[in-house]
Amino acid sequence: MRTFTFKVRNQEMLSVKKFVVLAGAILLCMQATHADDSSVLYRETFGGPAAGNTNFAFVGWSGYWSPTAQTDDGVVSPLNNFGVGNSLGIPTNLTNVNAGASARTNGFAFASGFQAVSNNILTFTSEYTVDQSVWNVGSISFYSGNTSNAFPNGMPGYRIAVQIDGNWYASSQLLVQNNNIAAAANFNTSGQQLIFNWTPAASAWDTLTFTPGTTLALGGPVGSNLPADPITAFGLYSDPAVNTNGVGGIATRRWDTYEIDGTAVPEPSSVMLVFVGFGALLGFRRSRKA
């Protein structure tokens, strides 16, 4: 009789274990349908035209410069000074993800040789929305290849810029490379990847006032955590490039391969399934002790 009872309990134990394993497998499958095989939510490689330079619209982005938010439409700001070129970027073995234009080996974004160099700039895209109810943003990264005549003090940096609920924010953290890349031809071999680890904490963000043709200005701390609503636009904000004497026009800014990485938010139903499995296992173990 005892042997029979022991066998029954063993069979019940095995069934519960199988249930838990099955629940875990279902959870992983459900995650895979969202996360696919990669953690990359968005990537833009800034592939340029076959020859010459073009504006940011070529890759689905927009570019603005100066406190009055002038545009890169090719009239106010010459294409040869603010936009996307066809020189070799970094790296060259990646493809676009959720970006409108197809990836091309050559190309990176830049601001050089005119007023955008000594002014603040904002470049961004709204071609993809990051739904924070579906994705946990992990990091935002890009490659920087700037040059400065007053290195290192005059080296311009970048802030991550995001739009949520129609409001713009810029990261408090200033991302700056630690080398000087004097020529565009050296970007491919010497560009540095800069990474911002995502956090919605109020201390990590400042307000950013942006009205096309009117205002582009960095404000103070936001005062509260960023909303968990969809991120409808994102890009880079860069402060005016000046040396230690406050003289502008001394730097060239280059950037490439803007990428957002993250993981899928577990669905409530899948999480509940796992809890049910563990609950069943716990209940069975208690019944054995009784």
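Predicted model: local features only at pLDDT ≥ 70, side-chain atom pairs only at ≥ 80, totals over all residues.
Residues are numbered from 1 along each chain as its sequence is written, and side-chain values use heavy atoms, with hydrogens and water left out. Local features need pLDDT of at least 70 and side-chain atom pairs count only at pLDDT 80 or more, whereas totals for chains, interfaces and linings use all residues.

Strand β7 (residues 135-144) runs antiparallel to β15 over 8 bridges, with asparagine 136 opposite threonine 263. Strand β1 (residues 40-44) is joined to β15 by 4 antiparallel bridges, and valine 40 has aspartate 261 as its bridge partner. Antiparallel pairing also links β15 with β5 (residues 106-111) through 3 bridges, where alanine 109 faces tryptophan 255.

Aspartate 206 lies in strand β12 (residues 205-211). This residue is buried but has no salt bridge, the nearest side chain of opposite charge being arginine 159 at 4.2 Å; a salt bridge would need a side-chain nitrogen of Lys or Arg within 4 Å of a carboxyl oxygen of Asp or Glu, and Lys and Arg count as positive and Asp and Glu as negative, while His and the chain ends are not counted. Beyond its neighbours within four places in sequence, aspartate 206 has contacts (heavy atoms within 4.5 Å) that include Arg159, Tyr169, Ser172 and Leu218.

Technical notes: Helix = DSSP H or I, 4+ residues; strand = E, 2+ residues; numbered from the N terminus. Buried < 20%, exposed > 50% of the residue type's maximum accessible area, 1.4 Å probe, protein only. Pairing = 2+ DSSP bridges.
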